[in-house]
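Q: I have a model open on my screen and would like to learn how to read it. Could you walk me through a few features?

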Amino acid sequence: MSLTKAYGERTVLDGVDLAVDRGARLVVLGLNGAGKTTLLRLLAGQEVPDAGRVVRGHGLRLGYFAQEHETLDPERTVRENLAAAAPQLTDGEVRAVLGAFLFRGDDADKPAGVLSGGEKTRLALASLVHSGANVLLLDEPTNNLDPASRDEVLAAVGTYPGAIVMVTHDEGALDALRPERVLLLPDADEDLWSAEYRELVALA
Ligand SMILES: Nc1ncnc2c1ncn2[C@@H]1O[C@H](COP(=O)(O)OP(=O)(O)OP(=O)(O)O)[C@@H](O)[C@H]1O
Ligand SMILES: [Mg+2]
């Protein structure tokens, strides 16, 4: 660990140490540009640190929800994206999961590339939750959601049995997460969660 990452002259992360235990719930807070997405990309293996390394525990199955949805295949349909992410689901289960995430009728046959931001968010979350991952990295998963969709996504977060590392500016998402620990960027201070951090969420 002790992750460091710079883009050109600018050091975004400097010696970030973090352990994600089984079932852990961690929230990452910081202002725009503080390095939250960069940290999740490093943890997801989508970016290489300049120093330090990410040690993956035995049996780790990581699921990454990217802020810009680059994890969906835009050419494949909604149904195909979910089925590819969660191959153990039967056709009926795929239909049921899509229904639970508010995809109705013809929506399932649309290519993911044409979906709205909120629809992409729902599809990406549905895919992750059923992917068999045991650690989810969620980068602002409630952005772009209307109230009904947000409720579904927050319910999925609340009942997810594995570990979650979440970046959010949304107090409702925080309540669904029930974090045990907080990581503040860019200082990379880690602490047990306490109510006094709550006011930072909407600010950050
Ligand atoms: N590929 C890149 N090349 C150059 N600079 C980058 C790159 N990726 C990120 N940055 C810069 O690194 C800094 C941290 O970006 P990052 O996306 O991690 O911020 P963030 O905390 O997720 O912000 P937000 O709250 O807006 O999502 C920003 O200043 C950004 O411009
Ligand atoms: Mg970000």
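A: Let's start with a term: a polar contact is a pair of N or O atoms within 3.5 Å; within protein, one must be able to donate a hydrogen and the other to accept it, and residues adjacent in sequence count only if both atoms are side-chain atoms. Before we use it, some housekeeping. This is a predicted model, where local features need pLDDT of at least 70, side-chain atom pairs count only at pLDDT 80 or more, and totals for chains, interfaces and linings use all residues. Residues are numbered from 1 along each chain as its sequence is written, chains are lettered from A and ligands numbered from 1 in the order in which they are written, and side-chain values use heavy atoms, with hydrogens and water left out.

Q: Which polar backbone atom is 2.9 Å from an oxygen atom of ligand 1?

A: That one belongs to G35. Taken alone, ligand 1 exposes 640 Å², and the protein buries 61% of that (accessible areas come from the Shrake-Rupley method with a 1.4 Å probe; for residues, only the protein chains shown count as cover).

Q: How many residues surround ligand 1?

A: A residue is near a molecule or strand if one of its heavy atoms lies within 4 Å of it. Here 14 residues surround ligand 1, and the closest are N32, G33, K36, T37 and T38. Helices (H or I, at least four residues) and strands (E, at least two) are DSSP runs, numbered from the N terminus. Helix α1 gives the largest share of the shell, 3 residues, while β2 (10–16) and α1 each supply at least two.

Q: How do strands β7 and β8 run?

A: Two strands pair if DSSP finds at least two bridges between them. Strands β7 (residues 181–184) and β8 (residues 189–192) run antiparallel, joined by 4 bridges. One bridge partner is D189 in β8, which faces L184 in that pairing. The two strands form a hairpin with 4 residues between them, and A188 in the turn has a positive phi of about 65°. The peptide bond from L185 to P186 is cis, with omega near 5°, and P186 belongs to the loop between β7 and β8.

Q: Where does E140 lie?

A: E140 is in the loop between β5 (135–139) and α5 (147–159). Its phi is near 50°, a positive value in a residue other than glycine, and E140 is buried at 9% relative accessibility.

Terms used:
Buried < 20%, exposed > 50% of the residue type's maximum accessible area, 1.4 Å probe, protein only.
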